[in-house]
Amino acid sequence: MGAQWKREKVQDHKFDFINVDDFVDNSCWLQFTYMLVFAAIIRGILIYCSDIFTAVNLITSRNINGTLFGNAGKDGIVLAGHVNLHLDVYKYLFTSCIVLGFLLLALEIRRANAIIKSRDISHAFTSMIASRYYTVRSYAHYCFFAQINNSKKSVDEVAFFCFFKFRNWKRLILADAPRQVINATLLYQTFRGRFYFVKDNSTKGGMLDWDSILADVDPNQRLFKQIALGAMIFTVFMFAISLLMLLSAVVMYIPLVSHIQGNLKEYCCHKIDKRIDELIRKKSKTRATEQA
């Protein structure tokens with residue numbers, strides 16, 4: 001006996017037959033969360049800019065002498081105290097990961113473009129780029145998506161969480177993990193033993209010993225190197241959060257399999273179309289009551 005949701009008949013919905021203006025909600029909270037969408041878009045752009053900035057900084061370096069890494073030699077970087085990673089390997093690995101990330105982004109944009117042309121609502125909701133496109137396009141689309149999102153049940157919350165986290169596993173594991181693991185190791189070795197704490201009233205506390213970290217760096221390049229270090233910290237931090245979320249989704253998906261008994265994306269799209277049916281019926285009843 002298959003899952004119950006597979007036996008339910010639900011109509012596919014397209015934007016051509018939905019007036020999203022009917023679902024506008026001018027509450028302060030929803031307008032605030034709408035602004036957060038633009039903040040998330042800016043964050044995504046900053047991540048790509050940060051990657052490019054760090055990659056260019058590495059690729060244009062002929063050696064690592066005088067950089068942030070005091071454990072770096074002329075020909076490579078010493079990881080974990082004994083593993084020597086040649087500079088050229090580090091540079092090309094880093095660059096390859098960034099190129100792969102942009103290729104994955106291009107594929108995602110291509111799929112999102114096809115979804116936008118199809119006008120399919122459920123597929124647009126499950127595509128980050130397509131949903132962001134409609135959200136930026138108008139506040140009404142965002143309100144419509146928000147009402148779809150608010151009508152989810154607990155088990156559906158888990159399903160959608162797992163789906164959205166699994167969607168980016170290729171980028172996270174293939175494009176981000178190799179370079180961020182190396183960067184995290186370098187950051188650990190760079191900062192290790194370079195904090196100083198309060199000992200008396202004349203000593204500052206909880207601060208980084210930048211003089212020690214940048215001891216071998218040209219004074220004219222210290223600001224540039226601090227920015228590069230900050231960019232590396234930012235990308236490693238974002239990677240760590242994404243990885244924890246992915247691992248959480250894997251754990252939560254194990255008991256979810258027995259409930260879905262099928263394809264996760266099909267299940268999510270089915271639930272979206274079902275919620276749209278409910279919203280349309282609710283809106284029709286409200287109109288009938290107002291006209292009575």
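**Where two helices cross**

Start with helices α5 and α6, which are oblique to each other (angles under 35 degrees count as roughly parallel, over 145 as roughly antiparallel, 65 to 115 as roughly perpendicular and the rest as oblique). Select residues 128–137 for α5 and residues 139–150 for α6. Helices here are DSSP runs of H or I, at least four residues, and strands are runs of E, at least two, numbered from the N terminus. The two axes come within 5 Å and cross at roughly 130 degrees; they are lines fitted to C-alpha atoms over the stretch in contact, with angles from 0 to 180 degrees between N-to-C directions.

A word on ground rules: this is a predicted model, where local features need pLDDT of at least 70, side-chain atom pairs count only at pLDDT 80 or more, and totals for chains, interfaces and linings use all residues. Residues are numbered from 1 along each chain as its sequence is written, and side-chain values use heavy atoms, leaving out hydrogens and water.

Now show the side chains where the helices meet: S131, Y134 and T135 from α5 against Y139, H141, Y142 and F145 from α6 (contact means heavy atoms within 4.5 Å).

Next, click T135. Is it buried or exposed? T135 counts as buried, because its relative accessibility is 5% (buried is under 20%, exposed over 50%, partly exposed in between, with a 1.4 Å probe and protein chains only). Leaving aside residues up to four places away in sequence, T135 touches Y34, V37, Y142 and F145. Then pick F38: 97 residues from T135 in sequence, yet 9.3 Å away, C-alpha to C-alpha.

Finally, zoom out: the protein has eleven helices and four strands.
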